[in-house]
Amino acid sequence: MFFPQFRARRIRGSETFRRMVRETSLSVNDLVYPMFSAFGSGIRKEVSSMPGIFQQSIEHIVAEAKEVRDMGIPAVLLFGIPETKDAVGSDAYSDNGIIQETIRALKNEVQGLAVITDVCMCEYTDHGHCGIIKDGDVDNDSTLELLAREALSHAKAGADMVAPSDMMDGRVAAIREMLDENGYDSIPIMSYAVKYASGYYGPFREAAESTPQFGDRRSYQMDPANRLEALREAASDIEEGADIIMVKPGLPYLDIVRDLRNEYNMPLAVYNVSGEYSMIKGAAQRGWIDEERVVLETMTSFKRAGADIIITYHAKDVAGWLGRGKI
Ligand code: PBG
Ligand code: ZN
């Protein structure tokens, strides 16, 4: 059928028609809100490159988490800023570490909100890398043991799900084994299966105070030019027992989201990372773009590409806009 019999505009002519033929929907159920828990008390410090996002001590985390829960967002993803850092990231797997204390507070004081924890070393090491350093590089196999201990300590503190972001080979298997051996076989693993070495993480490193003190993360995170490698990474994490796989960053890697959606029948998450957030916020603050419209369009693009779960710093804004029936 060709023009003039076919007129694509016929079903675009009214909002009711557009609603009837809309292929992709966005819901508050799709969202996860990342939070930065800082050691101490009375802390609520805005991250300068991420307007609206704060480093907060536990009492403020609890208060904001209640707000998040009341907006209908199902989960938060926690990052920790410890009191002290050292070469082996001891706070990461201490039962009294910043994250463990935060999990306990959230589980005691906020019902009906899933607590997911980032499992990595970079927030806890003084060198800022995601594992143990040997001969000037991150050593894979000795890091696995610490990651497994970290995940276990999160589960013991009450975490509902763990999310390893380190990109060591074999970490999902190591974590799964450790959790299972200790009676936590029902705790799911959301694996940062496909995580690229990205410039878009810049603002996060200010937020989490986790900038590498030497070198970069290219020996463990993926090369942005690679697509087939993403399929191999996802396959190995699924094989090792990942329950949810993730692509990170989001917008520059929508092709990869679609590849994984086509290839695997697993729940798929996408991480709309700090730099993506900062670009929208920065442009919106200058009046260069319509923030609500651009954010909702961005979220819809993640769903259209095939993501089930969107981890985003925009989550509260999105929940507010959806609540007003905007999309
Ligand atoms: C830690 C971690 C990072 C992010 C999530 N977990 C930073 C990094 O790998 O350097 C990035 C999140 C963001 O930019 O919002 N490994
Ligand atoms: Zn890390």
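1. In this predicted model, a polar side-chain atom of Lys-195 lies 2.6 Å from an oxygen atom of ligand 1, and one of Arg-217 lies 2.9 Å from an oxygen atom of ligand 1, while a polar side-chain atom of Asp-118 is 3.5 Å from a nitrogen atom of the ligand (a polar contact being a pair of N or O atoms within 3.5 Å; within protein, one must be able to donate a hydrogen and the other to accept it, and residues adjacent in sequence count only if both atoms are side-chain atoms).

2. Ligand 1 is surrounded by 18 residues, of which the closest are Lys-195, Arg-205, Lys-248, Ser-274 and Tyr-313 (a heavy atom within 4 Å).

3. Ser-57, in the loop between strand 3 (54–56) and helix 2 (58–70), has 0% relative accessibility and so counts as buried (under 20% relative accessible area, with a 1.4 Å probe and protein chains only). Its side chain reaches the backbone nitrogen of Ile-43 at 2.8 Å and that of Gly-42 at 3.1 Å.

4. Helix 10 (residues 291–305) and helix 11 (residues 315–323) pack at about 100°, with axes 11 Å apart, and are therefore roughly perpendicular (65 to 115 degrees).

5. Residues are numbered from 1 along each chain as its sequence is written, and chains are lettered from A and ligands numbered from 1 in the order in which they are written. Local features need pLDDT of at least 70, side-chain atom pairs count only at pLDDT 80 or more, and totals for chains, interfaces and linings use all residues, while side-chain values use heavy atoms, leaving out hydrogens and water.

Key: Axes are lines fitted to C-alpha atoms, for helices over the stretch in contact, and angles run from 0 to 180 degrees between N-to-C directions. Helices (H or I, at least four residues) and strands (E, at least two) are DSSP runs, numbered from the N terminus. Angles under 35 degrees count as roughly parallel, over 145 as roughly antiparallel, 65 to 115 as roughly perpendicular and the rest as oblique. Buried means under 20% relative accessible area, exposed over 50%, partly exposed in between (1.4 Å probe, protein chains only).
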